[in-house]
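Reader: I'm new to this one and would like a friendly walk through it. Could we look at it together, question by question?

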Amino acid sequence: MLINEIEEAQRLVKTDAYQMSIGEIVTMYDNKEITIDPEFQRLFRWEIGQKSKLIESLLLGIPLPSIFVFEKIDGTWELIDGLQRVSTILEFMGRLREGEELRTPSVLDATKYLPSLHNAVWEVSDRISDVAESDQSPLDKSLQLAIRRSRIAVEILKRPSDDQTKYDLFQRLNAGGTQANPQELRNCVVLMINSEYYRHIKGAAEQSVFQTVLAVNDDQREKQRHMELAMRFLAHVEVPYDGRLDVEEYIDESSVTLAQKGNGIDDVSLINRTFSLLHEVAAGDALRRFENGRYTGRVGLVGLEVIAVGVANNLVAIEALGDQPARDFIKDKIKTFWQQPEVTSFTSPGLRGTVRIQRTVPFGKMWFAP
């Protein structure tokens, strides 16, 4: 069985590999033969120190890790791993586009081995506003040529590899690094599939009502926790869970499914209506434990999975009660939920997430049915 699964999966992946010069990659980018989604550039952003060390590596002849591209149906390439490296080089050269505009070229910092990289630029430019032209230190033409001639391995995921394989590869290649957490990777996968859907969900997740109910703070926002909770919420409402996948893999797969469906307007409506009701009922306390006559503790996944998902699964019937009766119904259900004996089976120490969501989500759907 396992051998058959391996053989079947291997048939989905067709690869090739080239050694290419940096100059060739830059030319392909200029000719729009290799694409980088500009929204990836906003999700993944190196600091100037990291950029400087990359250029230092090229000047010292230190090999760079391979980049991975996906061959599209028209023969052009889509970059799926190596974004920071390629973007850094293009930006330093003054060739990186954001939309139809060129981004401001970067100015490097001194590095351990090359302190003279302080204020180094590809060439003097009046587009660089934070360093005067007189203080810019342009690279010698011989060093520019050395960078252009530097070679990098390009691994190509070719057709007939399917789109799902591309998304899987992107996550696997990036998951071991420190640049992105699991939700940042999901964001990029959703962007690959359906950028309009991503923007819809991002807008809903950034609303104050949503973030108040889920108690999302500034640090969590920086780490994309609000997007993670939005995708978890939608996954539990719309994508059945059979218990076979790890929870994180289930959220990964669900994110792909949701983006492919592309019901952005409907999903935003579901988020807005559900969390507006919860906010009206108890604001930031709506998903917190209620005991001894008061709300206590932090907002956790049990609250999301039982209360928010339970309300969403019964939203039409709850709204049909009328405004005030709907709020009263939800308030009563929230308070009495935490007293139910089943709650201990949702929160017991060591409980695996795979087991928990098979208990919480069905219970919430039943509990919030009018």
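Reader: At roughly what angle do the axes of helix H14 and helix H17 cross?
Author: Helix H14 covers residues 264–282 and helix H17 covers residues 323–337. Their axes, which are lines fitted to C-alpha atoms over the stretch in contact, with angles from 0 to 180 degrees between N-to-C directions, come within 9 Å. The crossing angle is roughly 75 degrees.

Reader: Thanks! Before going on, what kind of model is this, and how are residues numbered?
Author: It's a predicted model, where local features need pLDDT of at least 70 and side-chain atom pairs count only at pLDDT 80 or more, while totals for chains, interfaces and linings use all residues. Residues are numbered from 1 along each chain as its sequence is written, and side-chain values use heavy atoms, with hydrogens and water left out.

Reader: So are H14 and H17 roughly parallel or roughly perpendicular?
Author: Angles under 35 degrees count as roughly parallel, over 145 as roughly antiparallel, 65 to 115 as roughly perpendicular and the rest as oblique. The axes of H14 and H17 cross at roughly 75 degrees. That's why the two helices are roughly perpendicular.

Reader: Which residues of H14 and H17 make the contact, and how many of them are charged?
Author: Contact here means heavy atoms within 4.5 Å. H14 brings Leu 277, Leu 278, Glu 280 and Val 281, and H17 brings Arg 327, Ile 330, Lys 331 and Ile 334. For classes, Ala, Val, Leu, Ile, Met, Phe, Trp, Tyr, Cys and Pro count as nonpolar, Asp, Glu, Lys and Arg as charged, and the others, Gly among them, as polar. That gives five nonpolar residues, no polar ones, and a charged count of three.

Reader: What separates the C-alpha atoms of Gln 324 and Val 281?
Author: Gln 324 lies in helix H17, and Val 281 is one of the H14 residues in the contact. The two are 43 residues apart along the chain. Their C-alpha atoms are separated by 9.8 Å.

**The whole chain**

Reader: How many helices and strands does the protein chain have?
Author: Both are DSSP runs numbered from the N terminus: helices are H or I with at least four residues, strands are E with at least two. On that basis the secondary structure comes to 19 helices and 11 strands.

Reader: What share of the residues count as buried?
Author: Buried means under 20% relative accessible area, exposed over 50%, and partly exposed in between, using a 1.4 Å probe and protein chains only. The protein chain has 370 residues. The buried share is 48%.

Reader: And what percentage of contacts join residues at least 24 apart?
Author: Take the contacts in the protein chain between residues at least 6 apart in sequence. Those joining residues at least 24 apart make up 70%.

**Aromatic rings**

Reader: How many aromatic pairs are there, and what is the angle between the planes of Phe 92 and Trp 122?
Author: Rings of Phe, Tyr and Trp (its six-membered ring) pair if their centres lie within 6.5 Å; planes under 30 degrees apart count as stacked, over 60 as edge-to-face and the rest as tilted. The whole structure has 11 such pairs. Phe 92 and Trp 122 form an edge-to-face one, 5.9 Å centre to centre, with the planes at 80 degrees.

Reader: Where do Phe 92 and Trp 122 sit, and are they buried or exposed?
Author: Phe 92 is in helix H5 (residues 83–93), and Trp 122 is in the loop between strand S7 (120–121) and strand S8 (137–138). The pair links distant parts of the chain, 30 residues apart. Phe 92 and Trp 122 are both buried.

Reader: Which residues does Gln 144 touch?
Author: Gln 144 lies in helix H6 (residues 141–149) and counts as buried, at 9% relative accessibility. Leaving out residues up to four places away in sequence, Gln 144 touches Trp 122 and Leu 139.
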